[in-house]
Amino acid sequence: MDAFIANEKLSAYTFTLEEMKREKAHVLSQAEEALLAQVGNLSQAPQTIFSMLNNADLKFPRIKDEHGNEVELTHGSYIQFLENPNREVRERAFKAVYETYAKQKNTIAAALNANVTKNMFYANVRKYPSVMEMSLYGDNIPTDVYTNLVDTIHESLPLLHRYMDLRKKLLGVDQLHMYDLFAPLVDEYKMDITYEEAKQTVKDGLKPLGKDYADALQTGYDNRWIDIYENENKRSGAYAWGAYGTHPYVLLNHKDNLNSMFTLAHEMGHALHSHYSDTTLPYRDAQYTIFLAEVASTTNEALLMDYLLNKSTDPKEKLYLLTYYADQFRTTVFRQTMFAEFEKIIHERAEQGDALTPQLLSEIYYDLNVKYHGEGMAVDKEIEMEWARIPHFYNSFYVYKYATGFSAATSFSKQILEEGQPAVDRYLGFLKSGGSDYSINILKKAGVDMSTPQPIREAMSVFKELIEQMEQLTK
């Protein structure tokens with residue numbers, strides 16, 4: 001392998017060969033690998049069992065809406081109930097969901113425990129020191145990145161507590177409860193934005209990225225990269241996809257509102273990341289990792305939000321935008337880091353020989369909620385069962401990527417807005433790097449070192465600015 005790596009004729013394959021060599025320590029003999037391959041389907045059992053129970057067998061009770069009518073509570077409608085301006089409706093939905101999960105706590109704890117046991121089996125067999133190191137090894141992410149995230153968010157928890165106090169004030173309640181976290185803070189500010197207006201606003205918002213990026217964006221607009229509207233048998237949501245050698249494809253289900261405009265910016269971030277990677281690099285180096293995937297899309301959202309906030313002259317519109325953005329920090333950085341810390345704790349406890357009983361899982365989860373949300377909040381007992389409804393826990397040590405991706409994107413947008421062209425050049429270099437190096441190195445070259453607390457602290461400084469603006473507007 002060393003000879004191949006040193007061979008100039010194979011220089012185009014150096015990174016691929018080095019990666020093969022790095023993985024070698026954890027590749028077993030042919031017979032052992034054949035045996036592990038047969039265990040593959042068996043190892044999917046915990047996730048499959050949870051999925052069947054959660055998506056097919058679990059039935060929630062009917063609850064009364066704000067008009068006193070009995071309505072169906074489902075996974076899909078739950079978040080809508082939590083966003084209902086009527087507090088009693090929110091509380092009824094919240095309690096009904098977690099009482100339902102509590103009835104299945106032993107079964108779901110057994111499924112999650114089996115998933116952790118499976119992870120420990122693979123880590124042990126493949127000679128990794130821990131499940132976390134095994135999970136991060138594929139992307140060559142040092143465990144420092146994970147622990148830095150958790151530690152830096154811990155030092156920033158007073159900011160989240162300050163936002164909770166502001167949320168309590170805006171809702172006009174004596175005590176803030178867990179079922180108040182998704183309630184609208186301001187009256188719905190109606191923003192009717194047609195698709196054509198959304199395209200132009202996104203382009204205007206992304207002007208700080210320079211002419212080259214604007215031209216690439218316009219190319220996508222003009223050459224039918226985007227399938228815009230809902231259609232029969234079309235997948236819900238929005239996503240960007242494609243194949244090397246073609247332009248990217250973006251599938252939207254566009255509605256004329258603010259959320260859809262941000263979705264357009266987000267998905268075009270993915271599309272242009274692929275566009276730059278694919279047109280710069282050979283096939284084997286073009287595909288970027290999941291660790292990097294959300295950075296480009298979220299950077300676009302951050303730049304668009306900055307543009308909208310600076311352009312806004314209506315205090316109501318500005319407060320609506322600020323609450324929209326602040327809640328993204330709460331859900332994508334703080335909440336996902338709390339999930340990541342929960343995963344870290346339960347795997348460490350299992351590796352120490354502790355049994356992951358439903359009581360222990362609930363105790364760990366409840367204590368984390370108290371820590372993250374602060375003493376000024378009423379952390380309802382029912383929230384201790386939330387671990388039972390999070391499907392990401394069956395894709396272990398994954399959710400931290402939402403928080404690191406959002407933090408890296410916020411750091412990039414801050415640098416682009418403050419430094420101008422030098423930061424833009426570094427950022428375009430990031431987009432053109434695809435998967436030609438390890439994710440952590442690609443980000444570092446572009447000016448975001450995720451092995452240090454700096455990018456997360458930069459993201460937290462933006463969150464602090466949002467809170468300060470909201471406090472000024474609500475004096």
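**Entry 1: the second largest pocket**

I started with the second largest pocket, which holds about 760 Å³ of space. I kept in mind that this is a predicted model. I looked up the lining next: 29 residues line this pocket, and A240, W241, S274, Q287 and Y288 are the closest to its centre.

Which elements give two or more residues to that lining? I found strand 5 (239-241), helix 13 (258-280), helix 14 (283-286), helix 15 (290-311) and helix 18. Helix 13 supplies the largest share, 7 residues.

**Entry 2: S411**

Helix 18 had come up in the pocket lining, and I picked a residue from it. S411 sits in helix 18, which covers residues 400-419. Is S411 buried or exposed? Its relative accessibility is 1%, so I noted S411 as buried, since buried means under 20%. Leaving out residues up to four places away in sequence, I found S411 touching V448, P455 and E458.

**Entry 3: the largest nonpolar core**

Then I turned to the nonpolar residues. The largest nonpolar core has 148 residues, and L258, F329, F342, W387 and F430 touch the most other members. Helix 16 (residues 315-351) gives the most to this core, with 16 residues. A reminder to myself: in soluble globular proteins, nonpolar side chains tend to be buried together.

What does L258 touch, not counting residues up to four places away in sequence? I wrote down M191, I193, L308, Y320, L321 and Y324.

Key. Residues numbered from 1 in each chain as written. Predicted model: local features only at pLDDT ≥ 70, side-chain atom pairs only at ≥ 80, totals over all residues. Heavy atoms only, no water. Helix = DSSP H or I, 4+ residues; strand = E, 2+ residues; numbered from the N terminus. Buried < 20%, exposed > 50% of the residue type's maximum accessible area, 1.4 Å probe, protein only. Contact = heavy atoms within 4.5 Å. Core = buried A, V, L, I, M, F, W, Y, C linked by side-chain atoms within 4.5 Å. 1 Å grid on protein atoms, 1.4 Å probe; cavity = no way out; pocket = protein on both sides within 12 Å on 5 of 7 lines; lining within 4 Å. Points joined across faces, edges and corners; volume = space filled by probe spheres on them.
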